[in-house]
Amino acid sequence: MAKLNLLLLLVLLACALGLVTSQHHQRKLFAELERENARARELDIEYGQLQLEASTWGLHARVARIAAGSLGLAAPDPRRVRVVELPAQETAR
Amino acid sequence: MNTAAASIYVRLPAWRARFVLAVLVAGFAVLAGRSVHLQTLDTAFLQGKGEARYSRVLQVPATRGRILDRHGDALAISTPVKSVWAIPEDVKASPEQLRSLASLLGMDRGELARRIGDTERDFVYLKRQIPPEAGDRVAALGIPGVYQQREFRRYYPGGETTAHVLGFTGVDDAGQEGVELAFESSLRGTPGSRRVIKDRLGRVVEDIESIRVAEDGRDLQLALDGKLQSLAFGALKETVRAHRARAGAIVALDARSGEVLALANVPAYNPNSRTGLGGPQLRNRAITDTFEPGSTLKPFTVAAALELGRVTPQTVIDTAPGRLTMASYTIRDAHPGGAMTVAQVIQKSSNVGAAKIALALPREEMHALYRRLGFGAAPQLGFPGEAGGRVREAKTWRPIEQATMAYGHGISVSLLQLARAYTVFARDGELAPLTLVKTGMPAAGRRVLSGETARAVRAMLELAVQPGGTAPRARVAGWRVAGKTGTAHKQENGGYAAHKYISSFVGLAPASDPRLVIAVMIDEPSAGQYYGGAVAAPVFAQVMQGALRLLAVPHDAPLEPIPLPGEGEEAGEST
């Protein structure tokens, strides 16, 4: 009887310690999750800001100005444009 | 003392032991009862109380949805900013700190001192919506009583180019104008909240429950084409400047899907810094303002006559001597033309011809056609302040009114309605439903005219941009274009102003298989020229050429150089 009690006590202790460990583990993981969530939010915000920046730098008016100005580009004369039909479109017809 | 010694041997009464036992048992019973009570009945209350000591409710922010153009480029994005506020009574700062705070906030030092000095109030905003980096530096000053909160601010990279379509949001990031207001319910995010357990260091250690899930606003993809919008706005702005006009508007529609590809107004404003904005700049003329369209309505008069079989394109109408007097009013042609065919009435834009055609029609038929074209009713885009224009009831029309309506006077429409009405000619008689949101596929239209009539009128519209027509300047090298000019006297104080005009041009291309409809309106050009063919048509040609190239529409005309119209070649129009 005493042997059984001792065994049960040991099992109980092991369970209790296991509970404490898993609780601790859970909290650590949760803290990590929170950190990653916060990081995701920050990255999301940064993505928005970068998108904003990309749109600002890529403004069509600005691109056109730079192309015509410093790069000296111009739209080709319509007479020098050849429109080529894609072979795929031809077969589709 | 003998009695005391003797009492040891006295046998105590049995009830005393039982009494003590009973008291003890009763005591335990009370304790047990109490603990059962606490554990079972009061448990929810007590657990709640206990949790309140360490659990906290956190706000979960939600962002407003982005607005994108049809290619996915951002047109409007919300990004977090900081607002700095203070409890004036608690503020303790050295003059040194106040100076750096004022410079960080970009405020006048006197103004800052005045706000902080207002100890009557518990809460004052020092500055709203500053960049997050500036907010961090303000926090680094560590002034007690000065706090920050996170807010969202909307940025519009396109600036004035897209200002009227998108509208803007207020300081609390809620839509106030344009698409921002029209699609507020889907763009808006709903902030949520959740309950968590915090440890003594304030770190969140456990999630208890989500009270309300935060819902970010949905992104909205508009039908707008960023490049085309920029091109249209640029061309319009330049023309308004060159002709010293009061205002202008342009609308570009995809004829197949009914999508609004570009919509711009001048004067515009910068939605990113809206200080000192007045009504004229804010107005989205293309949608909310109506005007008398003038000759751009003639094709519909002719279409009605063709549909009823009253005329054919070759029917000859005598417009000599270029005047038609009815009651006390005289309809005039700017360039009297004598006898001309119905097709030439459109090509030369003869008022007398259009009036004569209209007078042969039942007024109910004309009225019904106008209504079927969508005039006199708001276009149902969901845009705030859409104008429906005015079409009077047929039974109130006098003959002279029926005659003037034939060339677009006595009826008012918005530019958007006019552009949509022209989709009838682009789609062989079907009216396209309009949409601001990208659909990317052909939309089913509503039949208004027979395909035969629509094609016949389209051929006439093609003549109008040929040499000898009113708008040779609307031509585009490589594609066949069809369109109609309009030059209407402006209404003022119940009459028509002598020297104030609205020049317009509505056209479609390529004429062999129309893809695009573009409408241009220039209000009060005052640099000498005012005919639609001279003011509005070049804008149309410029934007149409760019649009056809952007959409990679195959050429349907030989690429011969287009001779610039000489003075004599361009037919002057009457209205």
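How many aromatic pairs are there over all chains? The count comes to 13.

## Basis of the report

This is a predicted model, in which local features need pLDDT of at least 70 and side-chain atom pairs count only at pLDDT 80 or more, while totals for chains, interfaces and linings use all residues. Residues are numbered from 1 along each chain as its sequence is written, chains are lettered from A and ligands numbered from 1 in the order in which they are written, and side-chain values use heavy atoms, with hydrogens and water left out.

## Aromatic rings in chain B

A pair of aromatic rings is described by the distance of the centres and the angle of the planes. Rings of Phe, Tyr and Trp (its six-membered ring) pair if their centres lie within 6.5 Å; planes under 30 degrees apart count as stacked, over 60 as edge-to-face and the rest as tilted. The centres of B:Phe300 and B:Phe375 are 6.0 Å apart and their planes stand at 85°, so this pair is edge-to-face. It links distant parts of the chain, 75 residues apart: B:Phe300 is in helix H13 (residues 298-307), and B:Phe375 is in the loop between helix H16 (363-372) and helix H17 (399-406). Helices (H or I, at least four residues) and strands (E, at least two) are DSSP runs, numbered from the N terminus.

B:Phe300 also forms an edge-to-face pair with B:Tyr422, at 5.4 Å centre to centre and 80° between the planes. B:Tyr422 belongs to helix H18 (residues 415-426), 122 residues from B:Phe300. Buried means under 20% relative accessible area, exposed over 50%, partly exposed in between (1.4 Å probe, protein chains only). B:Phe300 has 1% relative accessibility and therefore counts as buried. B:Phe375, at 0%, is buried, and B:Tyr422, at 0%, is buried too. Ring pairs join B:Phe300, B:Tyr370, B:Phe375, B:Trp397, B:Tyr422 and B:Phe425 into a cluster.

## A sheet in chain B

Chain B has an open sheet of 5 strands in the order E10-E9-E21-E20-E19, with antiparallel pairing. Two strands pair if DSSP finds at least two bridges between them. The edge strands, E10 (260-266) and E19 (482-492), each pair on one side only. Strand E9 (residues 247-254) of chain B pairs with E10(B) over 6 bridges in the antiparallel sense. In E10(B), B:Val260 stands opposite B:Leu253.
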